[in-house]
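Subject: Structure for your files

Hello,

Below is the structure I promised to pass on. My notes on it follow.

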Amino acid sequence: MELTELFRMALGRGGSDVFFIPGSPVMVKVNGSLECLSPDRMMPREIDTLIDGIYAIANRERDQLESNGDDDFSFAIKDLARFRCNAYRQRGTFAATCRVVAFGQPDPVKLNIPPLVMNLSHFRGGMILVTGPAGSGKSTTLACIVDRINSTRSGHIVTIEDPI
């Protein structure tokens, strides 16, 4: 299957993550449940080809992946979305997970971010930690708070995320 079409299908279903794992179909997480994007299980060589395609889109070499067995980076597909990717070595083969990062600013009201959290944008000093498990909305919450700060006042904003 063509890589861009897999991502387009994932987004069409409202997917949040796309999984490229040898021995499984390409999967998408939709509302916490996994759904198949490809009809058949993918062999290691097929997954490796898809991962090569991700690296090509990201205009990135596989050196980090090959030497350390793990690589975190982001890439964008024009007119579709941005993605954060974790490519890794697993049981002697390569796999990847790509998290969807939609274009545009998220709406804190539609995302049910409490006003108390959004009011953190009023602080002018100190440090705020936004923590939680993967997929819980940390980056989205930060994006909403930073957007609120940028739209209401000027100042310096420093954020640190892992992966950057």
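This is a predicted model: local features need pLDDT of at least 70, side-chain atom pairs count only at pLDDT 80 or more; totals for chains, interfaces and linings use all residues.

Arg99 and its surroundings

Arg99 belongs to strand 6. Its side chain reaches the side chain of Asp17 in a polar contact of 2.6 Å. Apart from neighbours within four places in sequence, Arg99 touches Ser16, Asp17, Arg82, Phe83, Arg84, Ala134 and Gly135. Met127 is 28 residues away from Arg99 in sequence, and the two C-alpha atoms are 27 Å apart in space.

Met127 itself sits in the loop that runs between helix 4 and helix 5 (138-152). Is Met127 buried or exposed? It counts as exposed, because its relative accessibility is 72% and the cut-off for exposed is over 50%. From Met127 to Val158 there are 31 residues in sequence, and 9.7 Å in space between the C-alpha atoms.

The chain as a whole

The protein chain has five helices and six strands. Their order along the sequence is α-β-β-β-α-α-β-β-β-α-α. The C-alpha trace spans about 50 × 35 × 30 Å along its principal axes.

The chain has 164 residues, and 31% of them count as buried. Among contacts with a separation of 6 or more, 40% are between residues 24 or more positions apart.

Helix 1 against helix 2

Helix 1 covers residues 3-12 and helix 2 covers residues 44-58; they pack at an angle of about 85 degrees, and their axes are 10 Å apart. Helix 1 is therefore roughly perpendicular to helix 2, a term that takes in angles from 65 to 115 degrees. On the helix 1 side the contact is made by Leu3, Leu6 and Phe7, and on the helix 2 side by Leu50, Gly53, Ile54 and Ile57. Of these contact residues, six are nonpolar, one is polar and none is charged.

Arg62

Arg62 is in the loop between helix 2 and helix 3 (63-68). This arginine counts as buried, because its relative accessibility is 11% and the cut-off is under 20%. Which side chain does Arg62 join in a polar contact? The partner is Asp52, at 2.6 Å. With neighbours within four places in sequence set aside, the residues in contact with Arg62 are Asp48, Ile51, Asp52, Tyr55 and Phe94.

Pro106

The loop between strand 6 (93-101) and helix 4 (115-118) contains Pro106. Pro106 has a relative accessible area of 25% and is therefore partly exposed. Beyond its neighbours within four places in sequence, Pro106 is in contact with Leu111, Thr140, Ala143 and Cys144. Arg148 lies 42 residues from Pro106 along the chain, and their C-alpha atoms are separated by 11 Å.

Most residues other than glycine have a negative phi.

- Asn31 has a phi near 50 degrees, a positive value, and is not a glycine. It lies in the loop between strand 2 (27-30) and strand 3 (33-36). With a relative accessibility of 76%, Asn31 counts as exposed.
- Asp79, which is not a glycine either, has a positive phi of about 60 degrees. Its place is the loop between strand 4 (70-77) and strand 5 (81-90). Asp79 also counts as exposed, because its relative accessibility is 68%.

That is the end of my notes.

Regards

Note on methods:
Residues are numbered from 1 along each chain as its sequence is written. Side-chain values use heavy atoms; hydrogens and water are left out. Axes are lines fitted to C-alpha atoms, for helices over the stretch in contact, and angles run from 0 to 180 degrees between N-to-C directions. Helices (H or I, at least four residues) and strands (E, at least two) are DSSP runs, numbered from the N terminus. Angles under 35 degrees count as roughly parallel, over 145 as roughly antiparallel, 65 to 115 as roughly perpendicular and the rest as oblique. Contact means heavy atoms within 4.5 Å. Ala, Val, Leu, Ile, Met, Phe, Trp, Tyr, Cys and Pro count as nonpolar, Asp, Glu, Lys and Arg as charged, and the others, Gly among them, as polar. Buried means under 20% relative accessible area, exposed over 50%, partly exposed in between (1.4 Å probe, protein chains only). A polar contact is a pair of N or O atoms within 3.5 Å; within protein, one must be able to donate a hydrogen and the other to accept it, and residues adjacent in sequence count only if both atoms are side-chain atoms.
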